[in-house]
Amino acid sequence: RTYDETTPWDGRFKVGKYWTNNPFWVAREIITNPRFGMARYNPTVMPDDYSLYEEAKYADTMRTVDGVQVPLFTFNGVISKQMLGLELINYILGSAFAQAIEYSSGVIRVVSDRNTPSIMTVTPEMCVEIHEGVTFTYSSTDLKDRYNEISVTYVEPDMDWQPQFLGPFVNEEAQRVQGVNTYEFEAIGTTNRYEAEYKAFFNLITAQTETLTVSFNIPGYALS
């Protein structure tokens with residue numbers, strides 16, 4: 001889980017196959033493997049390795065909880081049903097709050113819900129008017145989706161690989177204002193209680209803070 005960044009990564013990998021439970025490197029294998037991956041059916045498909053590298057590095061960030069070092073995100077799962085290639089990739093990446101986007105060129109790029117520096121400041125003058133005088137439109141999440149009490153299940157290896165239940169994790173301040181709004185989810189590919197707890201808190205904070213979306217239309221040349 002170490003990344004040598006004394007020099008910029010040149011996009012090359014070590015020769016051979018190595019075990020990993022990093023969801024981004026697992027997803028890359030599903031894309032590129034000529035025997036069981038997307039490349040078997042679509043030879044032109046190609047991962048954006050630089051976006052994968054950045055996300056994989058983030059997933060491998062180690063944190064210490066109760067004296068134990070654990071990575072932010074892992075995927076330790078069994079694929080037991082048939083899925084389309086991109087559907088399977090997003091199933092795996094969903095364990096790290098990420099998503100794959102496939103472009104018409106065959107390139108698959110990965111984005112995730114994590115803090116990153118802003119890449120652009122958009123002003124009304126840069127946008128195409130949606131209708132007269134209006135360039136930005138705003139939408140809010142539904143109140144029913146602003147969960148303030150969350151529980152999670154994960155698979156525990158030390159309990160004969162049986163699902164274990166954690167929670168509830170509660171935002172008491174939000175409950176005083178909104179009332180109780182519960183949500184239960186399965187932490188896909190998670191076999192560590194600390195990671196499951198992290199994902200529960202991530203969902204809890206996201207539901208309460210990411211409540212507003214702005215939409216706009218911008219000419220393609222402005223993105224170059």
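Which residue in β5 is the bridge partner of Met46? Keep that in mind as you open this predicted model and follow the stops below.

**Stop 1: the strands**

Select Met46 together with Val107, and you have the answer: Val107 in β5 is the bridge partner of Met46. Now widen the selection to strand β1, residues 46-47, and strand β5, residues 107-112; these two run parallel and are joined by 2 bridges.

Then follow the chain from β4 into β5. This hairpin has 4 residues between the strands, and Gly106 takes a positive phi near 100 degrees there.

**Stop 2: the largest pocket**

Select Phe13, Lys14, Tyr18, Thr20 and Trp25, the residues nearest the centre of the largest pocket, which has 26 lining residues. Its volume is about 1100 Å³. Colour helix α1, residues 23-32, as well: α1 gives the largest share of this lining, 5 residues. If you colour the lining by class, you will find 11 nonpolar, 6 polar and 9 charged residues.

**Stop 3: the second largest pocket**

Finally, select Glu55, Arg109, Thr116, Pro117 and Ile119, which lie nearest the centre of the second largest pocket; 14 residues line this pocket. The space inside is about 410 Å³.

Methods: Residues numbered from 1 in each chain as written. Predicted model: local features only at pLDDT ≥ 70, side-chain atom pairs only at ≥ 80, totals over all residues. Heavy atoms only, no water. Pairing = 2+ DSSP bridges. 1 Å grid on protein atoms, 1.4 Å probe; cavity = no way out; pocket = protein on both sides within 12 Å on 5 of 7 lines; lining within 4 Å. Points joined across faces, edges and corners; volume = space filled by probe spheres on them. Nonpolar A, V, L, I, M, F, W, Y, C, P; charged D, E, K, R; others polar.
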